[in-house]
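Let's take a walk through this structure together, starting with the whole chain and then stopping at a handful of residues.

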Amino acid sequence: MHGSFYGWYLKCQSDTQTLAVIPAIHRTSTNESCSIQIITDTNVWTIPFAVDAFHQAKKQISIGPNHFSAHGLQLAIDAPELQANGTLHFGPLCRLPYDIMGPFALVPYMECRHSVWSMRHTVHGTVHINGHAYAFHNDLGYWEGDQGRSFPKEYAWTQCCFPAGSLMLSVADIPIAGFHFTGVIANILWQGKQYRLASYLGAKAVSIRDQTLRILQRDWELEACLLDKTAHPLKAPTGGDMVRTIHESASCKAFYQFRKKGRTLFAFETDQASFEYEYPS
């Protein structure tokens, strides 16, 4: 059996707290396992489980007594390094009009496929992480997922919910049929409308340097700049095996700008961005 992985990324954020949870299953030719990674503003935990603890039915995942779905999440983890318990409820999801991968969703044998199931939704409830309360009351959430064999060799990813909307951007080295190209997928929710920038629509990453991404697509320009180098180590798949270490800031300082024909639609600096930057410094 070839190595494979499947995982979700559920992010919940208030004005003062960030909690991201990653339930995942991973398989190699010799081993099967699953895990839950929990990321806060200051810490990361990876809790392994036996593969038979993993159950999936449509858009629901359970890992032991931990449950994840479009309606929310329930945590019940009792490990030496982590005690996490509580329930969060999600409001109606803001779905994309079509698959973020576009026609690439039909291409076989891709190294990694990305999904976005909600650009923005409300979060209510409380989760306790090692005795510390993460309380959300009409706050914001985001939900995406990945599946395939490995994370890209080089890539950058960022997501941010902000008062008038939400955005996600991923730029990555994509190997297909023996050649490589730099792929772009981005979706922006802004004042009730959604905007898509993607390689299959003509988007290009015209600059990837100094922790800054600049994307052009005809009259549109999107810039994302990581301003804070503090990041926590996360486990990521290589051939389905969770042996790679990447670094994510679940809540950090960043700058975003979105322009059309030189006119700025929005430009802001925030300390609540999520960012992974896996390109050479």
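What follows goes from the overall picture to the single residues.

A quick word on the ground rules: this is a predicted model, where local features need pLDDT of at least 70, side-chain atom pairs count only at pLDDT 80 or more, and totals for chains, interfaces and linings use all residues. Residues are numbered from 1 along each chain as its sequence is written, and side-chain values use heavy atoms, with hydrogens and water left out.

So what is the protein chain built from? It has 21 strands and 0 helices; both are DSSP runs numbered from the N terminus, with helices being H or I over at least four residues and strands being E over at least two. The C-alpha trace spans about 55 × 45 × 35 Å along its principal axes. For 281 residues, a compact globule would have a radius of gyration near 19 Å, and the 18 Å of the protein chain agrees with that. (The radius of gyration is taken over C-alpha atoms, and the globule rule is 2.2 Å times the number of residues to the power 0.38.)

Of those 281 residues, 57% are buried. Here buried means under 20% relative accessible area, exposed means over 50%, and partly exposed is in between, using a 1.4 Å probe and protein chains only. Contacts, meaning heavy atoms within 4.5 Å, also say something about the fold: among those with a separation of 6 or more, 55% are between residues 24 or more positions apart. As for charge, there are 23 positive and 24 negative side chains, and the centres of the two sets lie 11 Å apart. Lys and Arg count as positive and Asp and Glu as negative, while His and the chain ends are not counted; each charge is placed at NZ of Lys, CZ of Arg, CG of Asp or CD of Glu.

Now find strand β10, residues 112-129, which holds H121. H121 is buried, given its relative accessible area of 3%. Its side chain makes a polar contact of 2.7 Å with the side chain of S118. (A polar contact is a pair of N or O atoms within 3.5 Å; within protein, one must be able to donate a hydrogen and the other to accept it, and residues adjacent in sequence count only if both atoms are side-chain atoms.) Leaving aside neighbours within four places in sequence, H121 is in contact with residues including F90, L93, Y142 and W143.

W117 sits in strand β10 too, and W117 counts as buried because its relative accessibility is 14%. Beyond four places in sequence, W117 touches Y6, W8, L93 and W143, among others.

Next, look at the loop between β16 (204-209) and β17 (212-217), where D210 is placed. Q211 lies in that loop as well. Most residues other than glycine have a negative phi. D210, however, has a positive phi of about 50°, and Q211 has one near 60°.

Finally, go to M242 in strand β20, residues 241-260. Not counting residues up to four places away in sequence, M242 touches H26, Q37, K235, A236 and P237.
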